[in-house]
Amino acid sequence: MSEEATEPEVTVKAEDVFEPHVLEKYDPEVVAYVLKSRAAGALPQENFRIEDIRADPTKFAPPWSKDVTGWERVADGELTSQDGSTIPIKIYHPDPAQFGEGPYGAHLNFHGGGFVLGDLSTESQLCLSMRDGAGVVVIDVNYRHCPETPWGKCIEDARAALVWTRKSSSSLRINPDSISIGGISAGAHISLVLQHIARDEGIPLKLCLASVPSSSDALLYKTYTESPFASFREFAHGPILPWARISFFGEQCFPRDKVEELRGTVPEWWISPLKSENRTGLCDIFVRTAECDPLRDEGEAYALKLVEGGNKVTMKRYTGSPHTFMYMDWFKKKHEYDLDTITALKQAHGLH
């Protein structure tokens, strides 16, 4: 009787995925993860098509995505944006047995995903960590995405979320004068812009948590060599957030045949916070970057601009880490990141 045939084990070598100068920077844990994923058949990010993603979002959801609908002290909600559109949110309340009945501090979270991807499951585990570790109410905002909605609506949605949170302070059991904002990647970019808007409108903020932020107009580049930042070129062909992926996001947000039309609908500094002219009087900010991230240098350059503006700025670079390291539950730097987040929120909201 013949034995069943088994699939041969696929071996992927580091040199097949990493350029030598990139491999030497990456933490060995992350290298092993990338190689294992490729061996298991994970497609390089540049192989994804927007039509396929929209047709089957679950198939393309990242491994850290988790639906926490119905979990204890997690509620679904919605708010209305500037143009009348409905924006879904998830509200995470702390355990009163541990943190009392409130009023609590509140933190608005804007997820990453290149202004194109992500939902209220993408960063649910990070939201739970902030809630349970810092004792704040976390409001996760599913702002509108491109290409279905013109770029810039995401900023309007973020502002609407901030205004709604303050107006809903009683029902949320929060202190309207103890609100922080933050996000990862595209969500960090949104937070940078919202930080300026809040200042201009006299809305007090305790802290802006901007992680691996984009701050340049990279979504408008035709080639990665247009970037003035060394990290953008150094990691342009890395396995995590390569130039091909950034270019994909750029095409969804600013299609080549509509670039000038779309640019005319929003302030230039919304697209590139580095071009903001008034950098004074902003709330405290904690900017975090990853060593092996194309966006590393522009995030740090933006932070230094705020230092020049006289603001209180904390910066941290996580060595050996790629753009998405804070989602990798098995990675030691992710746990360091979580503790840093909790510490920063506690300090900002007076919960030492």
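How many bridges join β7 to β8, and do these strands run parallel or antiparallel? In this predicted model, the two strands run parallel and are joined by 6 bridges, one of which can be followed at the level of residues, since the bridge partner of alanine 290 in β8 is tyrosine 318. On the side of β6, strand β7 is again held in a parallel arrangement, here through 4 bridges, and serine 211 stands opposite arginine 288 of β7.

Strand β7 belongs to an open sheet of 8 strands, whose order is β1-β2-β4-β3-β5-β6-β7-β8 and whose pairing is mixed. The edges of the sheet are formed by β1, spanning residues 74-80, and by β8, spanning residues 313-318, each of which pairs on one side only. From one strand to the next, the twist averages 20°. Elsewhere in the sheet, an antiparallel pairing is found between β2 (residues 86-92) and β4 (residues 137-141), which are joined by 4 bridges; within this pairing, isoleucine 91 has isoleucine 139 of β4 as its bridge partner.

Helix α10, comprising residues 186-200, packs on the sheet and touches β3 (104-110), β5 (174-184), β6 (207-211) and β7 (285-290), with a direction that makes about 135° with that of β5. Within this helix lies valine 193, which, because its relative accessible area is 0%, falls under the 20% limit and is counted as buried. When residues up to four places away in sequence are not counted, valine 193 touches Ile155, Trp269, Trp270 and Pro273.

The burial of β7 itself extends over its whole length: 6 of its 6 residues are buried, so the strand is largely enclosed by the rest of the structure. Ile285, Val287 and Thr289 point one way from the strand, whereas Phe286, Arg288 and Ala290 point the other way, and all of these residues are buried.

A further enclosed element is helix α12 (residues 243-253), in which 8 of the 11 residues are buried, so that this helix too is largely enclosed by the rest of the structure. The buried residues are Trp243, Arg245, Ile246, Phe248, Phe249, Gly250, Gln252 and Cys253, and their cover includes α4 (50-55), α11 (230-234) and α13 (259-263).

Histidine 111 is placed in the loop between β3 and α7 (124-134), and its relative accessibility of 0% means that this residue counts as buried. Leaving aside neighbours within four places in sequence, the contacts of histidine 111 comprise Leu117, Gly118, Asp119, Glu123, Val141, Asn142, Tyr143, His145, Ile184, Ala186 and Gly187.

On the surface, by contrast, Leu304, Val307 and Met315 form a nonpolar patch that has about 250 Å² of accessible area together. Of these residues, leucine 304 lies in helix α15 (residues 296-308) and, with a relative accessibility of 46%, counts as partly exposed, because this class covers values between the 20% limit for buried residues and the 50% limit for exposed ones.

Notes: Residues are numbered from 1 along each chain as its sequence is written. This is a predicted model: local features need pLDDT of at least 70, side-chain atom pairs count only at pLDDT 80 or more; totals for chains, interfaces and linings use all residues. Side-chain values use heavy atoms; hydrogens and water are left out. Two strands pair if DSSP finds at least two bridges between them. Axes are lines fitted to C-alpha atoms, for helices over the stretch in contact, and angles run from 0 to 180 degrees between N-to-C directions. Contact means heavy atoms within 4.5 Å. Patches are made of residues with over 30% relative accessible area and no salt bridge: like charges are joined within 9 Å, nonpolar side chains (Val, Leu, Ile, Met, Phe, Trp, Tyr) within 5 Å. Accessible areas come from the Shrake-Rupley method with a 1.4 Å probe; for residues, only the protein chains shown count as cover. A salt bridge is a side-chain nitrogen of Lys or Arg within 4 Å of a carboxyl oxygen of Asp or Glu. Buried means under 20% relative accessible area, exposed over 50%, partly exposed in between (1.4 Å probe, protein chains only).
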